[in-house]
Amino acid sequence: MQIYLPIAEVSVNMFVILGLGGMVGMLSGIFGVGGGFLMTPILIMIGIPPAVAVATEANQIVASSFSGVLAHFKRKTVDIKMGLILMVGGLVGATLGVQIFKYLKSIGQVELLVTLSYVIFLGLVGGMMFIESLNAIRRAGKPGALPKKKKHSWMHGLPFKTRFRTSGLYISVIPPIVIGIAVGILAAIMGVGGGFIMVPAMIYMLGMPTKVVVGTSLFQIIFVTAYTTLSHATQNFTVDAILALLLILGGVIGAQIGTRVGVKLKAEQLRILLAGMVLIMCAKLALDLLLMPSELFSIGAGGH
Amino acid sequence: MLRILITAIMLIASPLMAQEDVVVDLSQNRVDITATFAGSNIFVFGAVKREAPLPEGTGPLDVAIVIEGPLETVTVRRKEKKLGIWVNTDSVEVHEAPSFFTIATTRPLVEMLNEGDRRDYAIGLDFAVRPQGPSEEDVESFAEAVIRIRQDDGLYSQREGIVNLTEETLFEADISLPANLVEGDYNVRIYLIRDKNIVSDATVGIAVRKAGLEAWLYNLSREYALLYGLLSIFVALAAGYGASEIFRRLKR
């Protein structure tokens, strides 16, 4: 059934959008990522204007993350204190990111820089996680393997130390705030929640336990994407309510299924699957830059 | 205005030509874009009014119908390979690019109308986009790109032979409009052509408007953007909570 989107001004098949929402929502529930890094490029591929895709996707992530985080709250796998600190950084970062986005747009290269940052970050994060998970699975297979000791790095010398009970950490608030800002900037530029960067950063840089990471990441993503949605709605008028509703309906259901599937998977399996997905998306976007496009011209809205 | 003037001059300049006028109407003057809008059909019909019988040996009569969306300025970018990757390098602003353009005719266009009139009246896909300013070869390739891309999107088309002309007097055409139509004031231009020259023309307007829920949401998003944004977030949170509750109960 076709449905006309009032803001995007295109007609789409309702069931395609519902299905996409469900698929990405499920990934969101399993991995604790918003799924924007998959959904935003897919929406653009099916003909939604990029500006609308980015803004509406942010709105969908609010719903799927909220649905997912409720399940995590029940299992007490959300580090609220850590989430709030990351959120403060995230909001600051998102504000900066929107300004950077505007600047890139004014020099006419926003599309290239968005794609490049996708390729670089998806490649780095995916590659790192893949190798790490492979090693972890190999180690686990050998008898007498010892769990890695927590390293005492330079991070432990920083001031403003505080205790994160849920994560079992006693670290400075500076690293989470810096990570929040960095992810917030990237999230605003790339039009995603930033979970795919946040999750590995929490595991590898802050040393948080994997089970807590997923819920905490979702918790933080809700606030950052709600803020992004509001910015887009008031500044660019690019949030499409009907597209969002369809994506949300599919997404929340998918997220519920995903959260239950996620519990049954082992941490290493979870990580290697996510790494694979991130790498596939990275390869797709890299090919777009490297191969000659079938149409060299593109139409942008309006003049200067 | 210019078109009427040219037609008038042409008619005065050729007194031998019999006076022929076009009378036309549409099945509808308004297209409502509702939530389930999946394209529409416009039925164009009309007749040829003659004051005197046709002189002997006059050539065949043809009809061309052009439906044109509102004109807009678009920025067209071209990609080039730089340092191994494809990036946007040049951009050109193309003025007067209609958001929608379709032409329906009785016969292949080049056989029924001279090129001068085709260009002057923008009759034909190749004249759909009129690049302004210096008409360098380069700018033309950007204008051609607009035509090519919009043709692929189904927004521009040339439908030769779909206008039915009966007894050189009555004509009709059923012209479909695609689902990705944009709001605005559309013009339907009808040309009566004899011996490759335009002898009469008429213009009728179609108002394409969002209606119902579409219009309400669109206006809300522009006029009460903050409320619209907050509402979007509220719906998202409610849906997230709703799904979580439903699944929790189902599990029990």
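This is a predicted model: local features need pLDDT of at least 70, side-chain atom pairs count only at pLDDT 80 or more; totals for chains, interfaces and linings use all residues.

Reader: How is burial defined, and what part of each chain counts as buried?

Author: A residue is buried under 20% relative accessible area, exposed over 50%, and partly exposed in between (1.4 Å probe, protein chains only). In chain A, 55% of the 304 residues count as buried; in chain B, 45% of the 252 residues do.

Reader: Which atoms supply the accessible surface of each chain?

Author: Accessible areas come from the Shrake-Rupley method with a 1.4 Å probe, and for residues only the protein chains shown count as cover. Chain A has an accessible surface of about 12900 Å², of which 72% belongs to carbon and sulfur atoms. Chain B exposes about 12500 Å², and carbon and sulfur atoms supply 55% of that area.

Reader: What do contacts tell us about residues at least 6 apart in sequence?

Author: A contact means heavy atoms within 4.5 Å. Among contacts between residues at least 6 apart in sequence, 75% in chain A join residues at least 24 apart. For chain B the corresponding share is 70%.

Reader: Which residues does Thr210(A) touch, and why does Thr210(A) count as buried?

Author: Thr210(A) lies in helix α8 (residues 210–235) of chain A. Thr210(A) counts as buried because its relative accessibility is 19%. Leaving aside residues up to four places away in sequence, Thr210(A) touches Ile203(A), Ala267(A) and Arg271(A).

Reader: Where is Gly161(B) found, and which residues does Gly161(B) touch?

Author: Gly161(B) sits in the loop between β8 (156–160) and β9 (164–166) of chain B, and is partly exposed, with a relative accessible area of 40%. Not counting residues up to four places away in sequence, Gly161(B) touches Thr105(B), Thr106(B) and Arg107(B). The C-alpha atoms of Gly161(B) and Ala104(B) are separated by 7.1 Å, although the two residues are 57 apart along the chain.

Reader: Which residues of helix α5 of chain B are buried, and what do they pack against?

Author: Helix α5 (residues 213–223) of chain B has the buried residues Glu214(B), Ala215(B), Leu217(B), Leu220(B) and Ser221(B). They pack against β1 (2–4), α8 and α9 (241–264) of chain A, together with β2 (30–33), β12 and α6 of chain B.

Reader: What is a salt bridge, and how many are found over all chains?

Author: A salt bridge is a side-chain nitrogen of Lys or Arg within 4 Å of a carboxyl oxygen of Asp or Glu. The whole structure holds 16 salt bridges over all chains. One of them joins Arg249(B) and Glu245(B), whose closest N and O atoms are 3.3 Å apart. Both residues lie in helix α6 of chain B, four residues apart, about one turn of the helix. Arg249(B) is exposed, with a relative accessible area of 56%, whereas Glu245(B) is buried at 12%.

Reader: Which parts of the chain does the salt bridge of Arg209(B) and Asp185(B) link?

Author: The side chains of Arg209(B) and Asp185(B) meet in a salt bridge (2.8 Å, N to O). This pair links distant parts of the chain, 24 residues apart: Arg209(B) is in strand β12 (residues 197–210) and Asp185(B) in strand β11 (residues 184–194) of chain B. Salt bridges may also be joined together: Glu20(B), Arg50(B), Glu168(B) and Arg194(B) are linked in a network of them.

Terms used
Residues are numbered from 1 along each chain as its sequence is written. Chains are lettered from A and ligands numbered from 1 in the order in which they are written. Side-chain values use heavy atoms; hydrogens and water are left out. Helices (H or I, at least four residues) and strands (E, at least two) are DSSP runs, numbered from the N terminus.
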